[in-house]
Amino acid sequence: MEHIITVVMEKQETKKLDESVFPVYETYDTDIDTTVIEIPISRQLSVEESDEYAQRLSNYLLSEGYDDFDVY
């Protein structure tokens, strides 16, 4: 079973993510005017790990200029 971190934001052109940090990911636009980034991870994370991952990912995305997104 594959585990995926999902980032959802209003539809926008996305920058390429740092491949040294995110070697595999998928970006696509939906029919409801949102942009989705899916990042596969190797295993299910604990609550603490997922909170830390979401915080680090949020910090990275903010540093890349994204300012309105949700991480799932």
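Guide: Two ground rules before we start. Numbering runs from 1 along each chain as its sequence is written, and side-chain values use heavy atoms, with hydrogens and water left out. As this is a predicted model, local features need pLDDT of at least 70 and side-chain atom pairs count only at pLDDT 80 or more, while totals for chains, interfaces and linings use all residues.

Visitor: What elements does the chain have, and how do they run?

Guide: There are one helix and four strands, in the order β-β-β-α-β from the N terminus. Helices here are DSSP runs of H or I with at least four residues, strands are runs of E with at least two, and both are numbered from the N terminus.

Visitor: Why is Val-7 called buried?

Guide: Buried means under 20% relative accessible area, exposed means over 50%, and partly exposed is in between (1.4 Å probe, protein chains only). Val-7 has 1%, so it counts as buried. Val-7 sits in strand β1, and over the chain, 28% of the 72 residues count as buried.

Visitor: And why is Tyr-28 called partly exposed?

Guide: Tyr-28 has 31% relative accessibility, so it falls in the partly exposed class. Its place is in strand β2. Glu-49, in helix α1, gets the partly exposed label because its relative accessibility is 31%.

Visitor: What makes a set of residues a nonpolar core, and which ones have the most contacts inside the largest?

Guide: The members must be buried Ala, Val, Leu, Ile, Met, Phe, Trp, Tyr or Cys, joined through side-chain atoms within 4.5 Å. The largest such core has 13 residues, and Val-7, Leu-17, Ile-39, Leu-57 and Leu-61 have the most contacts inside it. At least two residues come from each of β1 (3-10), β3 (34-41) and α1 (47-63). In soluble globular proteins, nonpolar side chains tend to be buried together.

Visitor: Which residues is Leu-57 in contact with?

Guide: Contact means heavy atoms within 4.5 Å. Setting aside neighbours within four places in sequence, Leu-57 is in contact with Ile-5, Val-7, Phe-22, Ile-39 and Val-71. Val-7 and Asp-70 are 63 residues apart in sequence, yet 5.6 Å apart in space, C-alpha to C-alpha.

Visitor: How do you know what share of the contacts joins residues 24 or more positions apart?

Guide: Take the contacts with a separation of 6 or more: residues 24 or more positions apart account for 59% of them.

Visitor: How far apart are the mean positions of the positive and negative charges?

Guide: They are 6 Å apart, for 5 positive and 18 negative charges. Lys and Arg count as positive, Asp and Glu as negative, while His and the chain ends are not counted. Each charge is placed at NZ of Lys, CZ of Arg, CG of Asp or CD of Glu.
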